[in-house]
Amino acid sequence: DEQLDLDDGRWEDIHVVTGALKLFLRELRMLWPLEPAPTVPSLPAEIQDPSLRGRCIRDLVLSLPPAHHDTMKVLFRHLCRVVEHKEENRMSVQSVAIVFGPTLLRPASEEASMAMHMVFQNQVVEHILNHYGYIF
């Protein structure tokens, strides 16, 4: 319910805005259940066959509840626009995936290697960005 003045100088720093967005998304942890169902043994990024991996990611996204799916669609459409301006902002698909992967996709448990999960998270986000039209 807080009213923010986006013309306030403190919002000019893109890092502040990005940090606020990431914090907001972290607080919505339940919004991003893009993790394997109990019957799926691994994250989609662990699947070696690129075609099968792509279908698995698409199926997971399509299986999200409508509100989650729609929010994810809007967010990834925005991130795709960020990538379109990579020459000016230096945010390539890989950079966006590194920044947002750990925020958007969390492992079901923290027991396994955090570094390994980050690689898989980044790969899934990168795949969604590269195949936005197919997935959504």
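# Close-up views, one by one

View 1. P50 has its place in helix α2. Helices here (H or I, at least four residues) and strands (E, at least two) are DSSP runs, numbered from the N terminus. The model is a predicted one, in which local features need pLDDT of at least 70 and side-chain atom pairs count only at pLDDT 80 or more, while totals for chains, interfaces and linings use all residues. Residues are numbered from 1 along each chain as its sequence is written, and side-chain values use heavy atoms, with hydrogens and water left out. Is P50 buried or exposed? At 54% relative accessibility, P50 is exposed; buried means under 20% relative accessible area, exposed over 50%, and partly exposed in between (1.4 Å probe, protein chains only). H127 belongs to helix α6 (residues 114-130) and is buried, with a relative accessible area of 14%. Along the chain P50 and H127 are 77 residues apart, yet 9.9 Å separates their C-alpha atoms. Setting aside residues up to four places away in sequence, H127 touches G54, I57 and I135, where contact means heavy atoms within 4.5 Å.

**View 2. The whole protein, for orientation.** Following the sequence gives the pattern α-α-α-α-α-α-α. There are 136 residues in the protein, and 34% of them count as buried. Among contacts with a separation of 6 or more, 63% join residues 24 or more positions apart. The accessible surface amounts to about 8900 Å², with 57% of it belonging to carbon and sulfur atoms. Such areas come from the Shrake-Rupley method with a 1.4 Å probe, and for residues, only the protein chains shown count as cover.

View 3. Helix α2 covers residues 50-62, which makes 13 residues. From first C-alpha to last, α2 reaches 18 Å, close to the 18 Å expected at 1.5 Å a residue; the expected span is 1.5 Å times one less than the number of residues. Which residues of α2 are buried? They are G54, C56, I57, L60 and V61. Looking down the axis of α2, these buried residues fall within an arc of 160°, so they line one face of the helix. The arc is that of the directions from the helix axis to the C-beta atoms.

View 4. The buried residues of α5 are V93, V96, A97, F100, G101, T103 and L104. Around the axis they cover an arc of only 165°, so they sit on the same side of α5. V93 itself has a relative accessibility of 13%. Its contacts, not counting residues up to four places away in sequence, are V83, E126, L129 and N130. V93 and N130 are 37 residues apart in sequence, and their C-alpha atoms are 7.5 Å apart in space.

**View 5. L21 on helix α1.** L21 is in α1 (residues 14-27) and is partly exposed, at a relative accessible area of 27%. Beyond residues up to four places away in sequence, L21 touches L75 and F100. L21 and T103 are 82 residues apart in sequence, with 9.9 Å between their C-alpha atoms.

View 6. How many aromatic pairs does the structure hold? It holds one. Y132 and F136 form this pair, which is tilted, with 5.0 Å centre to centre and 40° between the planes. Rings of Phe, Tyr and Trp (its six-membered ring) pair if their centres lie within 6.5 Å; planes under 30 degrees apart count as stacked, over 60 as edge-to-face and the rest as tilted. Y132 is buried, at 16% relative accessible area. The charged end of R58 sits over the ring of Y134, 4.7 Å from the ring centre; this needs NZ of Lys or CZ of Arg within 6 Å of the ring centre and within 35 degrees of the ring normal.

**View 7. H69 on helix α3.** H69 is part of α3 (residues 66-84) and counts as buried, at 14% relative accessibility. Apart from neighbours within four places in sequence, H69 is in contact with V61, L62, L64 and F136.

**View 8. R90 in a loop.** R90 lies between α4 (86-89) and α5 (93-104). Although R90 is not a glycine, its phi is positive, at about 60°. R90 is exposed, with a relative accessible area of 71%.
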